[in-house]
Amino acid sequence: MGKRRGGRELLRSLSKKQKKHLREFGEEHPFYDKLLLLLLLHSCSPFQSENSDKSSAESDSETEVEQVSVYHKLLATLKTSPESESEEEEDESESDESGESEAEVDSEGSQETGEAGGAEEDKNDVPEEEEATDTAEQTLGQEQDDGADTSCDPRHGVIEEFTDAKHESEFSLETNFMEEESGDCNADIRDSNPFKQHMDKELEEKEIEKISTLPKTSSQSQWPRLGQLTFSSTLEKNKTLKADKEVDVKQLYLHKPLESTWPKVNKQFLSSVNKPSDSPFTPLQRELFCVMNTYRDLFYPERNALTNGEEIRHAYCLHALNHVLKANAQVLSNNAKRRDRKPGSDTDDCRDQGLTRPKVLMIVPFRECALRIVHIFISLLEVNDKKKIDVSNKKRFKGEFGSDPEEKPPNLKRPEDYEAVFAGNIDDHFRIGVAILQKSMRLYAPFYSSDIIIASPLGMRTVIGAEGEKKRDFDFLSSIEILIIDQADIYLMQNWEHVLHLMKHINLLPLDSHGVDFSRVRMLNLNNWSKYYRQTLLFSALQDPQINSVFNKHCFNYIGQVAVRNVPLTGSISHVVVQLPHVFRRLEAESVTSVIDARFQFFIDKVLPEYRDAIMSHTLIYVPSYFDYVRLRNYFKKEDLNFTHICEYTKKAAVCRARRFFLKGEKHFLLFTERFHFYKRYTIKGIRNLIFYELPTYSHFYSEICNMMKATDNGVDATWTCTVLYSKYDAQKLAAVVGIDRAAQMLQSKKNVHLFVTGEN
């Protein structure tokens, strides 16, 4: 009886995910094996009292026998434990209840809320009263099950993240040399090579002072595919690029293997009628790579997950890999020179490294993105099927960054852009180091032995830490030469503070030497000028002031910047298929900081009183900011208004109740956050009156929310209304919704604007 009670106590200490893994596979996740066995020996071993007095010099074989026997006893307890069976029954009953309540809301049933194994369901299900801060503890619990990143278990203590220390010497740059069959190692580092021109440029202190203090001069240029480009620079005045109509791969100075592998890898995006002599780039890739290869900063705000997302990913992967291969080839070449050099000779010509090894930092939102990037790297390094590159820890990587097809429930109807963004493994807490040396790739390399770091903003935030924390590290960011931030718009929906925190800690002088050979460190790194040589590539699906701010205030590239600045001719309002009047009400604010309070006061004084009447029931209030949502929710509670609310932290059962109450008219108002719509895309039925507290971040959300009204078949469309609040600081969002011409007129006029728009306008 005592043994069984001990087994039950152990079961209570396991999480539901651990219990499920134990039932399905008969063993614990490999990440917990050692800890679990240790726990078993101390908690439920029948030999505990006998072994406590024995010597610690017992044989390993005896210990293994004990562990196996206890392990099987745990399995037997798990299968027969009435407590575990009752837990299963409770879980099943809860899921059934949620399914029934959702069925009452609409006929979509499980398609709307039955996402038990869906993409982001569990990740955001936290108590609603919590503030909108992304806590590291929530995600660390998820990563323990993967066993890849640093996590903290309250029972087992701190567990270090997995790094591959086995292949350290094999991938060391200092102890390896260029292989003879690689050919002339100096062929890729000629003086005309953009890489060498950029990294060998020696700036003077006067030039650094100009970059830091003087404003940039700008010039415009029109390119066939990218459109309107803005070139800005402090040192090089009015120097613009011209788009190359034809690109010869040999003129791009690609590293030797990439010249032959790139056309094969990129073939999927090229037209089937292309001849072998045609360009291996699509028109978009050709113009993007033309800018990238000059090492200018680039901001491209027209990335679309459905159309050009993968094209762009392949282009920046080619550029990043080309940079790393050239940098490593230079180091390996200089290794041979130093080996053959006579003692006492000058070594200044061998300055080829930074203060730390990582050269490229790639910020992506989900694990699926990291998986695709690594696959592109492997494809670009494999010359043919016979010459496969050696990739260490590939199986582990696929297991932790891949996705299980069974996790996604079938028959879920979501927009195409949603399916494209949330495809695969969408865990947003990860980081992985990648080392590349000639014909080999090392995944899970320690950061200080990595060439490329692929991470999410949250993954970087938890390793960088905050001021005052004992365990934090950001020295590995000191010598980043290329920073790639892809899908920046998604970070607005996650936590933009993580991106800002990263930008504040990149290219700082390291606190420790980390074993660097200072005789080989470039002078630009020793002078703490790394940020003036760093190239930043920023890709987003939209233009946003916060994204623009990062590009303008945190990028100091001495060569200059290139930003795509196309204006939307037609707004998303043209995609609204229901006929309803759109009233755009302008509010006045003295500054960007005061607009938040001004909007709230304008809403409660002039807008809300018009909707309090019973005839204006079924009013949905769309709120982009969670902090505005909390402020409105508290005000509605204080005023005792009849309302319900849904945000990204609302649990599934509460969402079902809120939707049902709103549909039946039991609740007059529904507060609805933008992040909830971004992660769920539920169809809210029963909307008759719509208020946009602020213009949506994604312009197509405007038409999506308006088109939800057609889901209400009450024949009351004549009473539908739509009210939008905006200020002069919402110019970009306003242009994306109504088009640039209408937006210009609305911003010049201080009167409210009434539009009656259908899909034909």
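# Exercises on a predicted model

The side chains of Lys-359 and Asp-451 form a salt bridge, 2.7 Å from N to O. The pair joins distant parts of the chain, 92 residues apart. The model is a predicted one, and the exercises below start from this contact.

**Exercise 1.** Determine where Glu-368 and Arg-372 lie, and which network they belong to.

*Solution.* 
Step 1. Helix α15 (residues 367-381) holds both Glu-368 and Arg-372, four residues apart, which is about one turn of the helix.
Step 2. An α-helix has 3.6 residues a turn, so residues three or four places apart point the same way.
Step 3. The two side chains, of Glu-368 and Arg-372, meet in a salt bridge at 2.9 Å, N to O.
Step 4. Glu-368 counts as buried because its relative accessibility is 12%. Arg-372, with a relative accessible area of 28%, is partly exposed.
Step 5. A further salt bridge connects the side chains of Glu-648 and Arg-675 (3.5 Å, N to O). Glu-648 is in the loop between β16 (643-646) and α25 (652-664), and Arg-675 is in helix α26 (residues 674-680), 27 residues apart. Both Glu-648 and Arg-675 are buried.
Step 6. Through shared partners, salt bridges join Glu-310, Arg-313, Glu-368 and Arg-372 into one network.

**Exercise 2.** List the buried residues of helix α23 and name elements that cover them.

*Solution.* 
Step 1. In α23 (residues 595-607), the buried residues are Val-595, Arg-599, Phe-600, Phe-602, Phe-603, Ile-604 and Val-607.
Step 2. Their cover includes β14 (580-586), β15 (619-623), α24 (626-638), β18 (689-692) and β19 (721-726).
Step 3. Take β14 from that list: six of its seven residues are buried, so β14 is largely enclosed by the rest of the structure.
Step 4. β14 pairs with β19 in the parallel sense, over five bridges. Arg-585 has Leu-725 in β19 as its bridge partner.

**Exercise 3.** Locate Ser-727 and find its contacts beyond four places in sequence.

*Solution.* 
Step 1. Ser-727 sits in the loop between β19 and α28 (731-738).
Step 2. Its relative accessibility is 1%, so Ser-727 counts as buried.
Step 3. With neighbours within four places in sequence left aside, Ser-727 contacts Leu-587, Val-595, Arg-599 and Leu-747. Val-595 and Arg-599 are among the buried residues of α23.

**Exercise 4.** Describe the largest nonpolar core and the other core that lies apart from it.

*Solution.* 
Step 1. The largest nonpolar core has 152 residues, and Tyr-316, Met-441, Ile-454, Met-460 and Phe-584 have the most contacts inside it.
Step 2. This core takes at least three residues from each of domain 1 (207-240 + 252-339 + 350-406 + 413-564) and domain 2 (569-758).
Step 3. Another core, of 28 residues, lies apart from the largest one and includes Ala-589, Val-595, Ile-604 and Leu-641.

Key: Residues are numbered from 1 along each chain as its sequence is written. This is a predicted model: local features need pLDDT of at least 70, side-chain atom pairs count only at pLDDT 80 or more; totals for chains, interfaces and linings use all residues. Side-chain values use heavy atoms; hydrogens and water are left out. Buried means under 20% relative accessible area, exposed over 50%, partly exposed in between (1.4 Å probe, protein chains only). Helices (H or I, at least four residues) and strands (E, at least two) are DSSP runs, numbered from the N terminus. Contact means heavy atoms within 4.5 Å. Two strands pair if DSSP finds at least two bridges between them. A salt bridge is a side-chain nitrogen of Lys or Arg within 4 Å of a carboxyl oxygen of Asp or Glu. A nonpolar core is a set of buried Ala, Val, Leu, Ile, Met, Phe, Trp, Tyr and Cys residues joined through side-chain atoms within 4.5 Å. Domain bounds come from an automatic or database domain assignment.
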